[in-house]
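Please have the sequence and the 3D view open while reading.

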Amino acid sequence: MRPVVIIGAGPAGLTAARVLRDNGIRDVLVLERAAAGGGLPRHCGHPGFGLFDFRRVWTGPAYAQRLIEAARGVEIMANATVTRIKPKGRIEIAAQAGLGTIEARAILIATGIREAPRSARLVSGARPWGVTTTGAFQDMVYVGAMRPFSRPIIVGTELVSFSAILTARHAGIHVLAMIEEGDRIVARRPLDLASRALLGVPILTRTRLLRINGLDRVESVEIERDGARSMLACDGVIFTGQFRPEAALVEASPLTVDERTGGPAIDSAWRCSDPHYFAAGNVLRPVEHSGWVAREGKSAAHAILKALDGGLEDIDSATTLSVEGALRYAYPQRLLWDRGGITIFSRAARAHRGVLRLTAAGETLAMRRVSALPERRLSLTVPGERLRGKRDAVIRLD
Amino acid sequence: MTERSSHSEIFDVAVIGAGVVGCAVFREFVLAGARTIILERDADFLNGASKGNSGLLHTGFDAQPGTLEAKCVSDGYRAYCEIHKRLNLPLRKTGAIVIAWTDDEAGNLLAIVERARANGAEARPVSAAEIRSEVPALNDSAKAGVRVPGESVIDPWSAPLAYLLQGIANGGAAWREAEVAEGRLCEAIWSLKTGAGRTVKASVVINCAGNYGDLVEAIARPSPFRIRPRKGQFVVFDKSAAALAGPILLPVPNERTKGVVVSQTAFGNLIVGPTAEDQDERRLATVEDSALAALVAEGRRILPALARHGVTAVYAGLRPATQFKDYQIEALQKERWISVGGIRSTGLTGCLGIARHVRELYEERFGELPRPRSVKWTPVPNLAEDRPRAYQQNNRSEIVCHCELVTAAEIEAAFEDPLPVATLGGLRRRTRCMMGRCQGFYCTRRIAEIAAGRIRELPQAAAVSRKDA
């Protein structure tokens with residue numbers, strides 16, 4: 001039996017591996033389904049990684065390399081796909097050598113995230129080549145040195161959407177427009193000006209993609225802006241953002257899934273509903289930057305260390321959190337009574353100014369005024385002892 | 001004998017159209033000893049009506065008794081059950097339940113049972129309580145139903161691929177990008193001019209041109225049937241949803257359509273569809289957001305827990321409907337021509353029965369076929385989730401598509417002779433790559449690298465200078 005197995009060698013998994021190694025845990029195994037570790041940053045060739053956890057700024061691949069180097073000594077088994085999560089820390093894997101079962105005292109799920117493809121958005125039209133996501137686009141450009149199209153449009157205005165513009169620029173691809181259904185871009189404001197001034201990409205707000213045309217390749221799209229329809233000739237459509245946890249394994253397992261986050265429900269010690277399993281990183285919810293994710297990996301590793309020592313609180317001594325009002329999701333979903341200060345993270349469903357409040361049995365346990373945007377992380381801290389004995393609590397944004 | 005075969009040869013039979021029906025007819029004639037060629041207009045076979053169906057093997061319980069369709073579906077069902085193991089094709093007898101949601105519909109159930117019996121298919125009434133115990137996730141307003149144990153789930157693309165490959169392995173010829181632009185019958189020999197400028201000579205032509213059936217028919221005679229494609233859109237839900245429906249869930253059919261079906265797929269997803277929309281366009285089947293949203297809503301009505309599961313994919317197919325309900329199959333002695341038209345929605349099941357029926361017509365009109373002594377069987381790679389897959393083997397190659405667990409070796413194998421894949425759609429259907437919930441988010445680049453220029457649509461490496469990257 002292994003002490004710890006980590007599923008996923010991205011920023012969360014590799015950081016957790018490093019912390020476990022530094023604390024004297026031997027025989028940690030990291031399972032990575034791709035051919036190499038590093039996670040999604042490997043595909044993102046422009047700078048912007050590492051500041052939060054290494055105090056340096058690197059490109060994605062350089063950051064990924066740093067994460068792997070920092071975890072040196074930990075066994076990373078690449079090309080190994082976990083096919084099933086079973087109760088009590090048993091997982092089935094399809095490794096290159098063959099099928100197998102691995103048992104561990106603690107298993108950290110750090111399987112990350114992906115964007116919503118065209119199909120999940122139910123967009124009308126033909127289904128030609130040239131419709132892709134930022135992740136696939138960056139992988140093609142930065143890793144594959146490919147130019148999948150030359151005049152695409154970008155759908156969405158999240159942070160990652162601007163990353164798609166940079167990627168296009170790198171590949172000499174001319175982005176015709178960026179379209180956004182809402183009144184304003186989703187990413188924080190300066191990017192709006194930056195993309196207009198520096199990148200030369202027009203941003204069309206209040207604009208909806210109606211249909212995609214083209215038999216073998218994208219030939220045009222039909223868009224609607226303020227009620228007026230028009231055709232735009234282009235040869236690609238990049239659907240950006242609308243991230244969702246890559247949690248198919250969890251969905252097919254006995255672990256509890258939070259419908260709001262789309263990821264495994266955890267307690268404030270990063271534990272899933274089966275105490276053999278922990279989860280950290282973007283599999284928990286859409287979406288945080290790599291530095292934040294790495295920090296979660298570190299924190300989860302410390303919780304695992306405590307669990308290996310038998311020092312973690314009883315999984316049932318916790319308050320179950322539910323989410324109301326203008327919030328889209330909140331986690332951890334279970335708040336342990338014995339943990340000093342517990343920070344609850346949440347996101348608003350839409351731009352909203354108001355009060356974020358945690359209540360239990362009619363009593364307000366914590367509150368603060370917030371100016372919320374869908375891309376902005378909200379936090380609220382509550383002393384664990386104030387929750388003692390309370391089975392349920394509600395976090396809401398009014 | 002593949003695309004390199006001699007052009008001056010005179011074939012006994014030329015099959016026009018490599019959809020499910022054409023592939024099954026091709027196989028039937030090759031195995032009966034006829035020198036046979038199949039001509040496909042597209043760069044890949046199965047690129048028309050056959051690429052977008054529901055992947056079900058029907059017992060024919062609901063066919064109009066006495067029709068040619070009823071006979072062919074019933075024969076086709078039996079034939080598939082006989083040969084699927086030797087071709088390594090999946091067969092999951094999930095059974096189906098026809099569900100009545102209203103008292104009116106419940107009143108029709110007895111007729112459905114009687115019709116099933118007339119068609120020789122097993123069917124029995126089931127109560128709402130029985131349905132609930134079998135499908136606990138079902139909306140609890142179901143009134144009653146009919147259980148049809150024989151209805152099954154198969155792989156809609158590997159089956160025709162297997163028919164085509166077996167035909168080729170036994171000496172048949174298969175040409176792609178060979179649209180038959182015109183044809184002339186001269187001294188009992190057809191000369192078919194294909195789009196690529198190649199001419200094929202054959203003594204009998206079989207028209208299996210699907211959505212182009214009436215246009216091809218015009219080569220021999222004014223077409224007695226007119227194709228008006230009927231579009232069917234589908235929504236594919238994530239694999240996590242598959243367990244919600246054990247048996248196939250069918251509505252009580254009406255005059256025009258069998259209605260929206262909820263079913264597992266051979267690959268472990270759950271599909272909801274099809275719609276039924278008549279259109280003039282023969283080639284392009286678009287998806288429409290309003291129809292897809294309606295299918296999602298209908299799926300959630302039938303299985304409320306579906307609201308917790310995501311959409312993996314959407315697709316649309318075109319069924320070659322005509323002004324007639326039944327199949328339009330006819331052998332014309334003088335014209336040395338057999339029409340196989342209007343196979344609207346039961347082609348995947350019916351094709352093997354159709355093939356036999358067509359071969360019998362041929363032998364009646366044009367003489368007995370020689371029947372070779374030995375037949376080669378060519379098992380195809382399994383893609384169905386309930387049977388052994390390549391990724392489970394020891395010392396496998398890398399898994400390229402993580403959602404569908406497709407290995408690099410499987411993708412490479414699709415490019416091998418005698419039928420190298422030529423289009424992205426063909427590659428997806430042959431291997432399942434990019435068909436999963438991420439739709440290429442994780443795997444597009446790697447697949448493009450392996451394809452290395454052999455798929456027109458996919459980009460090639462080195463277009464972007466690596467020093468920048």
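What volume does the largest cavity have?

## Cavities

The largest cavity has a volume of about 70 Å³. Its lining consists of B:F45, B:L46, B:W157, B:S158, B:L161, B:G426, B:R429 and B:R430. The structure holds four cavities of 30 Å³ or more. A cavity here is a set of points, on a 1 Å grid over the protein atoms alone, where a 1.4 Å probe fits but cannot get out; lining residues have an atom within 4 Å of a point. Grid points are joined across faces, edges and corners, and the volume is the space filled by probe spheres set on the points.

## Basis of the model

The model is predicted: local features need pLDDT of at least 70, side-chain atom pairs count only at pLDDT 80 or more, and totals for chains, interfaces and linings use all residues. Residues are numbered from 1 along each chain as its sequence is written, chains are lettered from A and ligands numbered from 1 in the order in which they are written, and side-chain values use heavy atoms, without hydrogens and water.

## Domains 1 and 3 of chain A

Chain A is assigned domain 1 (1–115 + 243–312), domain 2 (118–239) and domain 3 (317–398), with bounds from an automatic or database domain assignment. The C-alpha centres of domain 1 of chain A and domain 3 of chain A are 25 Å apart. Contact (heavy atoms within 4.5 Å) links 21 residues of domain 1 of chain A with 16 residues of domain 3 of chain A.

Three salt bridges cross the interface of domain 1 of chain A and domain 3 of chain A, a salt bridge being a side-chain nitrogen of Lys or Arg within 4 Å of a carboxyl oxygen of Asp or Glu. A:R347 and A:E288 form a salt bridge through their side chains (3.1 Å, N to O).

Methods:
On a 1 Å grid over the protein atoms alone, a cavity is a set of points where a 1.4 Å probe fits but cannot get out, and a pocket is an open set with protein on both sides within 12 Å along at least five of seven lines; lining residues have an atom within 4 Å of a point.
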